[in-house]
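Here are my notes on this one, jotted down while going through the model.

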Amino acid sequence: MQDEKTKSWKKLVNVAVSGAAGMISNHLLFKLASGEVFGQDQPIALKLLGSERSIQALEGVAMELEDSLYPLLREVSIGIDPYVIFEDADWALLIGAKPRGPGVERAALLDINGQIFAEQGKALNAVASRNVKVIVVGNPCNTNALICLKNAPNLSAKNFHALTRLDENRAKCQLALKAGVFYDKVSNMTIWGNHSTTQVPDFLNAKIDGRPVKEVIDDTKWLEEDFTITVQKRGGVLIQKWGRSSAASTAVSIVDAMRSLVTPTPEGDWFSTGVYTTGNPYGIAEDIVFSMPCRSKGDGDYELVKDVIMDDFLWNRIKKSEAELIAEKRCVAHLTGEGNAFCDLPGDTMLPGEM
Ligand SMILES: NC(=O)C1=CN([C@@H]2O[C@H](COP(=O)(O)OP(=O)(O)OC[C@H]3O[C@@H](n4cnc5c(N)ncnc54)[C@H](OP(=O)(O)O)[C@@H]3O)[C@@H](O)[C@H]2O)C=CC1
Ligand SMILES: O=C([O-])CC(=O)C(=O)O
């Protein structure tokens, strides 16, 4: 019976996950194995990257996955060498990163985590599938994604993403609550920019029940101040309340981000993801990773959405997030092959989790 069933299955997909013993992965891996992302006819191999520090825990994670008896999960492997774990990866979900603790400067974090993503970029470049889709989650995710793609010159820069889908989901939630509608009535929600407190949740282009948000929520002060700040700082508030950063909702948003690339985007709608800006139609600086509105045919690829409108409020906010990312990029020049780093970050910006 099982054999009959597996005959109609697609070819095995290899999904590599770093930080696989961490909190986000502990939710995500079980969703991946259950078929939530790729569907019930897609067998999957999970390749889990850990470190000396986490290898015992990773053995435990692999045991739990095996004990769950997921029919679609055909292989679980663990290891600490990215050149082994990333071999033939069709997807690389880069979640592991040093968390920012008390007294750690943002510049130091950029450097420490940047080293990780430079090494992983090199490993992907050497051994992953030539069409690998990379989603960088570990913070600061936009600049980590830039470092990663710069170290993978033989892969398409277009296939590298920084996760801003959690921010999109948070923004949709706030708009739905304010308008008194269910979440699925909110569409065309763009997060522009950095996954930091400079991110710009775009209420100008978003829609509620197919109508412009500003027609449904006639409260500019709420949109410009309360809504925007709530979304920007949501991660930090959650850490204050729960004592740890969003893990379950982040895993859900990774599933959403992947599904958005493997299923056609509904007509007229779009999704947000942090992608390489070179060639973008909006006038955003080239050569950074910036969250923008995208559509996909469901083939793993995407196109930037062209028909968005801008006003001064939106554009000025976008420029602030752009300036932050350009400053972050200067901090990691030594990791992107662009000479000596010079780190002079705007002082008032933070990761969503920092408050
Ligand atoms: N983009 C987004 O929307 C979001 C991003 N995040 C980010 O995702 C990342 C992972 O979060 P989460 O799973 O909750 O974190 P955890 O602390 O649970 O796990 C992080 C993993 O990072 C790895 N790591 C790499 N370097 C270090 C280091 N120097 N010290 C400690 N751990 C290290 C560890 O794995 P190992 O030892 O195997 O390398 C660890 O298991 C963080 O960077 C977080 O800020 C979180 C929420 C939302
Ligand atoms: O700063 C963090 O680790 C948490 C984070 O990114 C978020 O909740 O958006």
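How do the residues of the shell around ligand 1 divide into nonpolar, polar and charged?

1. Keep in mind that this is a predicted model. In it, the shell around ligand 1 comes out as 13 polar, eleven nonpolar and two charged residues. The shell holds 26 residues, and Gly22, Ser54, Gly96, Ala97 and Lys98 are the closest.

2. Where does ligand 1 sit relative to the domains? It lies between domain 1 (12-162) and domain 2 (165-324), because both give residues to its shell.

3. On to the domains themselves. The chain splits into domain 1 (12-162) and domain 2 (165-324), and their centres, taken over C-alpha atoms, are 24 Å apart. Across the boundary, 23 residues of domain 1 are in contact with 23 residues of domain 2. On the domain 1 side that touches domain 2, at least two residues come from each of α2 (23-34), β5 (133-136), α6 (141-150) and β6 (160-162). That side of domain 1 divides into 16 nonpolar, four charged and three polar residues.

4. Now the largest nonpolar core, with its 91 residues: Leu46, Ala92 and Val136 touch the most other members. Helix α5 (residues 106-127) gives the largest share of this core, seven residues. Domain 1 (12-162) and domain 2 (165-324) each put at least three residues into this core.

5. Leu46 deserves a click in the viewer. Setting aside neighbours within four places in sequence, Leu46 has contacts with Val15, Val17, Leu29, Leu32, Ala33, Leu65, Leu73 and Val76.

Methods: Residues numbered from 1 in each chain as written. Chains lettered and ligands numbered in written order. Predicted model: local features only at pLDDT ≥ 70, side-chain atom pairs only at ≥ 80, totals over all residues. Core = buried A, V, L, I, M, F, W, Y, C linked by C-beta atoms within 7 Å. Buried ≥ 20, exposed ≤ 12 C-beta atoms within 10 Å, placed from the backbone. Helix = DSSP H or I, 4+ residues; strand = E, 2+ residues; numbered from the N terminus. Domains from an automatic or database assignment. Contact = placed C-beta atoms within 7 Å. Near = placed C-beta within 6 Å. Nonpolar A, V, L, I, M, F, W, Y, C, P; charged D, E, K, R; others polar.
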